[in-house]
Number of protein chains: 2
Amino acid sequence: MSGTLYGLGVGPGDPELLTLKAVRILRTVPVIAYPAPLEGDGLARRIVAAHLPGGQTEIVLRMAFDPTQPPPEAAYDRGAAEIAAQLDDGRDVAVLCEGDPLFFGSFAYVLERLAGRYPVRVVPGIASPMACAAALARPLSARDERLVIVPATRCEDDLAATLAQCEAAVVMKLGRHLAKVRRVLERLDLAAGAQIVAWASHAEQKIMTLDEAERDGVPYFSLVVTRRTSR
Amino acid sequence: MSGTLYGLGVGPGDPELLTLKAVRILRTVPVIAYPAPLEGDGLARRIVAAHLPGGQTEIVLRMAFDPTQPPPEAAYDRGAAEIAAQLDDGRDVAVLCEGDPLFFGSFAYVLERLAGRYPVRVVPGIASPMACAAALARPLSARDERLVIVPATRCEDDLAATLAQCEAAVVMKLGRHLAKVRRVLERLDLAAGAQIVAWASHAEQKIMTLDEAERDGVPYFSLVVTRRTSR
């Protein structure tokens with residue numbers, strides 16, 4: 001009998017934002033797998049470090065981190081093959097996923113290679129927009145508002161059309177797209193109420209205005225929250 | 001010195017989807033507060049029941065549950081006053097929130113009455129769209145897609161305009177709005193790929209097609225997931 005493939009949401013960064021279910025599986029699963037840069041452990045592995053019992057097999061999906069490029073297919077092919085070999089041998093494998101596995105997550109790339117061949121269980125995790133709203137103590141959305149979540153990589157016209165239509169918005173993965181996103185927010189009169197959170201829930205979490213972000217720069221893991229109605 | 005107001009996300013229903021942080025605060029806070037129907041404990045209180053140490057003060061925000069009506073202002077006024085009295089006496093109060101406190105959550109109604117007067121800390125929780133995606137083992141969104149989350153209470157034209165623009169969508173709180181939502185999905189050629197999840201992560205969780213949902217009906221706590229790209 002083959003093992004079960006777990007997509008394990010490990011949350012936005014604070015290890016205390018792991019769920020009880022994620023911790024239980026981490027402590028008992030014989031194999032963990034996770035993406036990591038060419039050197040070092042990677043974020044997902046660092047988030048769970050304190051909960052690992054030791055002695056587990058670790059499959060590291062090594063890949064260059066370049067948000068301007070499509071996902072590295074070869075790295076996912078190799079990783080999926082290694083995971084499949086463990087599952088074929090009857091061992092459960094937990095793929096560690098920053099945030100939530102199915103919300104803009106790299107778990108989709110593992111799933112599309114292995115779905116249908118093995119039992120799959122997904123454990124949801126705290127996603128970054130919720131961690132940012134918590135940092136700001138500010139509602140993302142309420143009542144009958146439309147909340148859109150859009151990556152900053154979209155072109156300026158797409159961003160403007162979407163933010164014009166929805167009452168509440170989160171633009172993710174700001175990084176080098178900040179100037180473009182700022183232009184959109186100003187065009188739509190959303191700039192004054194916008195707040196930026198970098199590294200939500202991490203020790204280095206930072207809350208910024210657009211001016212501060214422009215002056216200091218923002219990392220890839222930052223997002224801007226806007227809402228058309230009064231707070 | 002006044003107490004701290006905690007907005008405590010308790011997740012979608014499965015008590016194992018509480019975070020470690022939520023459990024720690026639940027075990028140590030002297031006062032909990034939660035919305036509940038006119039009789040009974042309410043969902044948020046039931047989710048955390050196993051983690052309560054006993055002996056805590058409980059503030060119950062009693063209100064008739066009627067999704068067709070605006071939030072009962074008087075009930076929130078009374079609840080906020082009771083919470084404020086505890087905070088004034090220096091006791092921390094944790095307001096239990098189904099899902100995430102700041103994502104379409106009733107915590108906004110408490111916050112708007114007490115923000116600025118007391119220290120506020122928010123602990124994010126697993127929101128229902130992520131729990132539904134986990135139940136379906138299906139990505140909500142990936143790469144540069146726009147994901148919109150919209151309550152089914154919106155009018156048919158609003159729903160259609162929003163779902164036409166965004167590659168991925170979640171329509172929440174289906175209940176008696178199912179026929180309207182179905183018409184929108186059919187108009188946009190999204191009906192075939194749509195999946196409905198009721199009571200995500202609860203013991204009574206149910207996954208349905210649109211046909212099954214129409215035949216059997218759906219509860220208020222159900223939502224439909226659609227995505228324009230191939231899965």
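Two residues are in contact here if their C-beta atoms, placed from the backbone, lie within 7 Å. With that in mind, welcome to this predicted model, in which the contact between the two chains takes 41 residues from chain A and 41 residues from chain B.

**Where the chains meet**

On the side of chain A that touches chain B, the elements giving two or more residues are α1, β5, α5, β6 and α6 of chain A. The largest share comes from β6(A), with five residues. By residue type, this side of chain A divides into 29 nonpolar, five polar and seven charged residues.

**How the copies are related**

A rotation of 180° with 0.0 Å of shift along its axis brings chain A onto chain B, with an RMSD of 0.0 Å. The two copies are thus related as by a two-fold rotation axis. Which surface does each copy use? Of the interface residues of chain A, 100% are also interface residues in chain B, so the copies meet through the same surface.

**Two domains in chain A**

Chain A is divided into domain 1 (5-123) and domain 2 (128-227). The C-alpha centres of these two domains of chain A lie 27 Å apart. Their contact takes seven residues from domain 1 of chain A and ten residues from domain 2 of chain A. The side of domain 1 that touches domain 2 in chain A has four nonpolar residues, two polar and one charged.

The two sides described by residue type can be set out together:

| Domain 1 of chain A, touching domain 2 of chain A | four residues | two residues | one residue |

**A sheet in chain B**

Now for chain B, where five strands form an open sheet in the order β3-β2-β4-β1-β5, with parallel pairing. Strands β3 (57-62) and β5 (120-123) of chain B stand at the edges with a single partner strand each, so one side of each is left without a neighbour in the sheet. On average, neighbouring strands of this sheet are turned by 20° against each other, direction ignored.

Strand β2 (residues 31-36) of chain B runs parallel to β3(B), and six bridges join them. Here Val31(B) stands opposite Thr57(B) in β3(B). Helix α1 (residues 20-28) of chain B packs on the sheet, where it touches β1, β4 and β5 of chain B. The direction of α1(B) makes about 135° with that of β1(B).

How values were computed. Residues are numbered from 1 along each chain as its sequence is written. Chains are lettered from A and ligands numbered from 1 in the order in which they are written. This is a predicted model: local features need pLDDT of at least 70, side-chain atom pairs count only at pLDDT 80 or more; totals for chains, interfaces and linings use all residues. Domain bounds come from an automatic or database domain assignment. Ala, Val, Leu, Ile, Met, Phe, Trp, Tyr, Cys and Pro count as nonpolar, Asp, Glu, Lys and Arg as charged, and the others, Gly among them, as polar. Helices (H or I, at least four residues) and strands (E, at least two) are DSSP runs, numbered from the N terminus. Copies are superposed by least squares on the C-alpha atoms of residues with pLDDT of at least 70 in both. Two strands pair if DSSP finds at least two bridges between them. Axes are lines fitted to C-alpha atoms, for helices over the stretch in contact, and angles run from 0 to 180 degrees between N-to-C directions.
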